[in-house]
Amino acid sequence: MALIYERMYVIAVITAVAVVAAFVATGMMSETYRSQARCYLPTQADTLSLSGESGNLPTAPKLPTAHTETQTALLGVLNSAELRTAVASQIDERNSEWLAKNVKFDLDTFNFIVISAYDPEPRVAREVAETYLREFSRSLDTTTKQRVAENVSTLVAAIDRSTASVATLESERQAFLANNGSIDFSTEIAQYHERVTRFQDSVEDNISARASLVKQREEVTKNFEQRPEFTQSGYTEIQNPRLNQLRGEIATTDLELANLKLEVTDKNPQAIALSNKLVVLNDQLASETATVEGARSFSSDSMRKSYETRIAEFKVSEVELDVQSNHYVKLLGESQTRLRELNQLKAGSEIIDSELRNVRETLRQQRDRHAELALYMSRTASFLMTAEAPVEATKPYFPILWLNLLVATLLGIVFSILAIIASEQFARYREAAPW
């Protein structure tokens, strides 16, 4: 039992000495104050667009990002010598080496970036935390806006080039139209399409009309060839002079026969001859008509002349149609040639127009992008959100008396136990030693 009391006494003495030493050391330590700033990078950045409202309206609250790589990169920026130098240049009492030792950066359980500044003066600690927070935010904004500013400069140069290209292509287009005598190839092509169609219809109509005329002419020619060249136009009749002559001969012959019969008989050859002559004359008188044809008149056939006139008219009409057809064929060929030229010219014009449209569209997009970037550059919103602004501490952060006393007590107990164990081991070793 005495041994136990002895050991407890040793432990109590050593622990008391440690506590007293910790109390004295705490009193001798210089006070250190801490000022903290908490900030975070939101998962969704503020956007503002001129083209629509879809990106301008928030869809979720601004919460700290939990992306590990992003958080690591942000801590890397905070620990950079460049940022530390920028902060040190604004704190008169402290330099960059002091900041490296007395400013700490960490992430808390809420994914906030914690900037902790330690200094014997609470005002300086607050200023260091404030300056770090301000310069950290400025660094992120400046770096981003610097990249945007470079993009703006690039876009301005691209806009100038595109504007010059539009002017050049427009001049080429106007010169192309002027050199080819047109202001609108599409309208002129439509007009020549109409002319080609009209001339084709005219040629086909003339061919059909000429074929119809040829058929009519052949039919009239056939009728013309069937008509006589002359036709009887008049006819007259007169008394037959042969009747009077025969009557006179009969009377004379009858008188001779009567005179002869006074001298001779009926059987006289002369009387017989006169009787026979009388019979013949009577027969001839009986065969003669009372009237005979006096005169006839003939004239050209009117139908034949009409047919001939129509044939001549057909030939004239055919010649006219041939002349018209040749004229229309010539105009048709010229129109088709010009139409082919216009189609080729239009294809060349469309190439220039397509390039001009593309350059104008590119210029429009570049100007839209420039307007968006200019709008962004005019904004003052920061990427970094401040969750907790640093304040000036009213109580020192170090030293912490109760913590030092607690640590001293624990260390005294542990050290006393180790001392007791060591002394017992040493006593056993001496008893067992032969000397």
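Student: Why is Glu-130 called partly exposed?

Tutor: Its relative accessible area is 28%. With a 1.4 Å probe and protein chains only, buried means under 20%, exposed over 50%, and partly exposed in between. So Glu-130 counts as partly exposed. Before we go on: this is a predicted model, where local features need pLDDT of at least 70, side-chain atom pairs count only at pLDDT 80 or more, and totals for chains, interfaces and linings use all residues. Residues are numbered from 1 along each chain as its sequence is written, and side-chain values use heavy atoms, leaving out hydrogens and water.

Student: Where is Glu-130 found?

Tutor: Glu-130 belongs to helix α5.

Student: What makes α5 a helix, and what span is expected for it?

Tutor: Helices are DSSP runs of H or I with at least four residues, numbered from the N terminus. Helix α5 covers residues 122-179, 58 residues in total. The expected span is 1.5 Å times one less than the number of residues.

Student: Which residue just after α5 takes a positive phi?

Tutor: Gly-181, at about 60°.

Student: Which helix supplies the largest share of the lining of the largest pocket?

Tutor: Helix α5, with seven residues. Helices α2 (68-78) and α3 (81-88) each supply at least two.
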